Amino acid sequence: MLLGLNMMSLFKRNRFRIMYYVYNYCYCHRRIFNSDSFTYFQTFLKMSHTFTKATLTNNGIKTNWDSYMSFSETIDNPTKEQVIQNMLVIENFLSEEEELSLFKEVEPYMDKLHYEFDHWDDAIHGFRETERLMWNENNMKILQKVREVAFPSGSSQLSLVHVLDLAEKGFIKPHVDSVRFCGNTITGLSLLSDSVMRLVHEKKKENIIDVLLRRRSLYIMKNCARYDFTHEILSNENSKFNNYFVHKQRRLSVICRNEPPKIL
């Protein structure tokens with residue numbers, strides 16, 4: 001499955017180079033093509049190149065969004081561009097050693113807890129969770145790196161870090177995090193397993209975005225992606241990305257949030 005995803009990713013990353021070669025071939029042989037078709041293809045190529053180039057870098061973070069994000073055909077380009085700017089995934093953010101360091105610190109406590117299959121707002125099934133303030137020195141450095149990447153300098157952040165342990169059979173239902181408990185940005189490290197996060201527009205339910213969260217990646221969800229879309233982690237029965245099955249095993253997420261705006 002991962003080989004298939006990697007090959008698909010490789011094709012996507014190079015598809016505009018391929019289109020460039022096709023364009024050059026069509027240009028050299030343009031007499032055999034319908035002129036309207038050729039003009040349409042030429043315009044499409046320029047628009048695609050501009051759109052992709054404009055979305056590769058966000059606040060100094062370079063990402064290949066098409067390797068981790070899949071949009072339904074109902075989403076228009078302005079909405080797509082907004083989501084690309086506000087739903088980021090940085091793959092291989094953690095090294096294997098950093099992942100192990102975080103796991104070793106939280107596992108002794110998590111191991112004492114039982115997985116629960118109900119939640120106070122019915123949002124999560126098959127989970128156990130905790131919040132941590134104190135971390136060892138190495139892990140404090142990792143979390144500081146997360147905060148520096150995900151939040152603007154000087155922004156107020158919640159000091160407690162949320163650790164959510166999702167069982168292999170667990171899943172998270174569609175929800176929007178309460179504005180009472182956090183601000184406009186939610187960021188999370190994915191440990192132990194790949195998974196698929198789905199975003200669904202609250203008012204336009206046909207607008208669906210699947211986000212591949214690979215093991216050791218960091219996601220940053222903010223602004224319109226955080227407020228206008230529900231988010232969920234798909235169960236294994238539904239866990240697909242671009243028609244490829246993604247087997248979610250036990251998944252640990254380490255989540256940081258900024259403070260909600262103060263009400264005057």
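Q: What average pLDDT does the protein chain have?
A: The chain of this predicted model averages a pLDDT of 82, and 75% of the residues score at least 70.

Q: And where is confidence lowest, and where highest?
A: Confidence is lowest in helix 2 (residues 35-55), with a mean of 42. The highest value belongs to helix 4 (residues 96-110), at 98.

Q: Turning to strand 14, is it enclosed or open?
A: Strand 14 (residues 251-257) is largely enclosed by the rest of the structure, because seven of its seven residues are buried.

Q: Which residues lie on each side of strand 14?
A: Arg-251, Ser-253, Ile-255 and Arg-257 are on one side, while Leu-252, Val-254 and Cys-256 are on the other. Both faces are covered. As background, side chains in a regular strand alternate between the two faces of the sheet.

Q: In what sense does strand 6 pair with strand 14?
A: The two strands pair in the antiparallel sense, over five bridges. Within strand 14, Val-254 is the residue that stands opposite Val-163.

Q: How many bridges link strand 7 and strand 14?
A: Strand 7 (residues 185-191) pairs with strand 14 over six bridges, in the antiparallel sense. Gly-188 has Ile-255 of strand 14 as its bridge partner.

Q: A change of topic: which residues form the nonpolar patch on the surface?
A: Leu-133, Met-134 and Leu-160 form that patch. Together they have about 310 Å² of accessible area.

Q: Now the backbone: what is the phi of Arg-216?
A: Arg-216 has a positive phi of about 75 degrees, although it is not a glycine. Its place is in the loop between strand 9 (208-213) and strand 10 (218-222).

Q: Is Arg-216 buried or exposed?
A: Arg-216 is buried, as its relative accessible area is 17%.

Q: And what about Asn-243, in terms of phi and accessibility?
A: Asn-243, also not a glycine, has a positive phi of about 70 degrees. Asn-243 is placed in the loop between strand 12 (240-241) and strand 13 (244-245). With 75% relative accessibility, Asn-243 counts as exposed.

Note on methods. Residues numbered from 1 in each chain as written. Predicted model: local features only at pLDDT ≥ 70, side-chain atom pairs only at ≥ 80, totals over all residues. Heavy atoms only, no water. Patch = residues over 30% accessible without salt bridge, like charges linked within 9 Å, V, L, I, M, F, W, Y side chains within 5 Å. Areas by Shrake-Rupley, 256 points an atom, 1.4 Å probe, with all protein chains shown as cover. Salt bridge = Lys/Arg side-chain N within 4 Å of Asp/Glu carboxyl O. Buried < 20%, exposed > 50% of the residue type's maximum accessible area, 1.4 Å probe, protein only. Helix = DSSP H or I, 4+ residues; strand = E, 2+ residues; numbered from the N terminus. Pairing = 2+ DSSP bridges. pLDDT = per-residue confidence, 0-100.
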